[in-house]
Amino acid sequence: MPDVLVAGGGPTGLLAAFELERAGLDVLVLERDTRPATQSKALGLQPRSIEVLADRGLLTAIEPHVRARLPAGHFSGIPIDYTDLPTRFPYQLGVEQAHVAAAIEARLRTPVLRGAAVTAVTQNDEGVTVTAGRRDHRAGWLVAADGGHSTVRTLLGAAFPGTSARVSLVVADLTLARKPAGLADDWQLPSPAPGFLLPLSDKRYRTVVFGEEQQRLGRDAPVTAGELQRALTAAHGPEIEVGEVLWASRFGDAARQLERYRHGRVLFAGDAAHVHLPVGGQGLNLGLQDAVNLGWKLAAQVRGHAPDGLLDSYHDERHPVAARVLLSTRAQAVLGVPDPDASAVREIVIGLLAVPDARRAIALELSGIGIA
C-alpha cells in the first residue's frame, strides 16, 4: 500500500509525487488520461519555479525544449523587467508544459497509473480509499491535483467560492497553411490583443482569440477551424490561413478558490485548489510551488516527526499567495478589455509601472521571488 495517492498527473501532481518520493515515501499517481498530454497549455516557467526545478536536478531535462529566455514578465501584456531580481535566474523560460511534466515524470520511481479516472473517495481516521480505473486504492493520504474541474473536489463537496466567468476566450494549438511575413516568427511576451500567435515546436502555433463570436457560443460548443480562421483574419488580415486545429479549448475569467486546502486526509494543490484567468504566466508556477510547499510537510506528517500544525501551515502559507494571484489576474483581465475606459486605466497603470519601486514590487510578485 502506498503512503500517499496523488490524483492528477499534470505538473503539480507529478512534482508533489516527486517531492514525497524524495523524502522516502511510496507514492502512486492516478491519471485519467491514457497517454501523456501533448497540448502546449502553460508556456512559461517563472524564476522561482526555475530555482525549484534546478535545485532538484530537473531543469537539465527541460532545457533542450526551451524556446526562449525572456528577461521580463508581463502584467496584462505590459512588460515587467526581471533583470535586477535577487535570483540566479532573472528571466522566464518559454517552454511547453508537456516538456515540464515529462521531465518530472521520468524521475518518479513508481510509474503513473494511467486510465485511472477517480470516481469515488472515502476517508476515515486511518486513511483514504480512492476508486479509480475500476479499482480501489488505499493510502494514508490523498493529494488532489486533478485540475480546475477537480473530481475529488466535487466528490467531497468542498466549497469553491469566487466569481463566475464573464467573458469567453478560445485557446488553440494549430498549424498555419500560410501567414504574413514576420508574424509569430519568434517567442515573445503575450499581447492583450485578440489573435495573439506564438510559435511552438513542430511547426505548430498557439493562439488565443476572443471577440463577439466567442461570447455568443456556449462553453460546450466545439471550436472549429472556421471560427479560428475568422478570428485570425480579423486580427491579421486575409494573408493568414488556418491549417489543422490540433487542440482547442474554451475558457473564461472565472476566479475561484477553496476555502480550505485540507479536508481531513485530502490535500488540494494546483488548479484543484484555485482557478483564474491564465494571464501573467501564473497558473503552472502557482501549482508547482504548492507542490513544493506541501511535499516536505506531508512527508514529515507521514513519518511521524511533524510538529503540531506543520501540515496545516500548507494552507496558511499557500492560500494567501493564490488569493493574491486571483486578485492580480482579475485586475489584468479588466486592463485587457477592449473598452475606452479600460484603455484609459491601462495608460495610467503603464505610467505607474514605469516607476522603479512599483515595477520591482510587481516583478517580485509575478516571478514568485517575493514569496519567502
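Analyst: Exposure first: buried means under 20% relative accessible area, exposed means over 50%, and partly exposed lies in between (1.4 Å probe, protein chains only). The model is predicted: local features need pLDDT of at least 70, side-chain atom pairs count only at pLDDT 80 or more, and totals for chains, interfaces and linings use all residues. Residues are numbered from 1 along each chain as its sequence is written, and side-chain values use heavy atoms, leaving out hydrogens and water.

User: Why is R134 called exposed?

Analyst: Its relative accessibility is 86%. The cut-off is over 50%, so R134 counts as exposed. R134 lies in the loop between β10 (128-132) and β11 (135-139). Helices (H or I, at least four residues) and strands (E, at least two) are DSSP runs, numbered from the N terminus.

User: What makes E19 buried?

Analyst: E19 has 6% relative accessibility. That is under 20%, so E19 is buried. E19 is found in helix α1 (residues 11-22).

User: How do you know that the side chain of E19 makes a polar contact with the side chain of R56?

Analyst: The distance is 2.5 Å. A polar contact is a pair of N or O atoms within 3.5 Å; within protein, one must be able to donate a hydrogen and the other to accept it, and residues adjacent in sequence count only if both atoms are side-chain atoms. The pair meets that limit, so it is called a polar contact. Contact in general means heavy atoms within 4.5 Å. Leaving out residues up to four places away in sequence, E19 touches R56, A291, V292 and G295.

User: Why is the pair of F89 and Y91 called edge-to-face?

Analyst: Rings of Phe, Tyr and Trp (its six-membered ring) pair if their centres lie within 6.5 Å; planes under 30 degrees apart count as stacked, over 60 as edge-to-face and the rest as tilted. By this rule there are two aromatic pairs. F89 and Y91 are 6.2 Å apart, centre to centre, with 85° between the planes. The angle is over 60, so the pair is edge-to-face. F89 has 11% relative accessibility and therefore counts as buried.

User: What makes the pair of Y261 and Y314 tilted?

Analyst: The ring centres are 5.7 Å apart and the planes are at 50°, so the pair is tilted. Y261 lies in the loop between β18 (255-257) and β19 (262-263), and Y314 in helix α9 (residues 313-335), so the pair ties together parts 53 residues apart in sequence. Both Y261 and Y314 are buried.

User: How do you know that the charged end of R153 sits over the ring of F160?

Analyst: A charge sits over a ring if NZ of Lys or CZ of Arg is within 6 Å of the ring centre and within 35 degrees of the ring normal. The charged end of R153 is 3.7 Å from the centre of the F160 ring. R265 lies over the face of W141, at 4.6 Å from the ring centre.

User: What makes a set of residues a nonpolar core?

Analyst: The members are buried Ala, Val, Leu, Ile, Met, Phe, Trp, Tyr and Cys residues joined through side-chain atoms within 4.5 Å. The largest core has 69 residues; L15, L45, V130, L142, V152 and L298 have the most contacts inside it. Helix α8 (residues 283-303) gives the largest share of this core, eight residues. Another core, of 15 residues, lies apart from it, with L176, L197, V223 and V242 among them.

User: Why is the protein chain called as compact as a globular protein of its length?

Analyst: The secondary structure of the protein chain comes to 11 helices and 21 strands. The radius of gyration is taken over C-alpha atoms, and the globule rule is 2.2 Å times the number of residues to the power 0.38. The radius of gyration is 21 Å, close to the 21 Å that the rule gives for 372 residues, so the chain is as compact as a globular protein of that length. Buried residues make up 51% of the 372 residues.

User: Is A184 buried or exposed?

Analyst: A184 has 5% relative accessibility, so it counts as buried. A184 lies in the loop between β14 (168-178) and β15 (196-199). Phi of A184 is near 55°, a positive value in a residue other than glycine.
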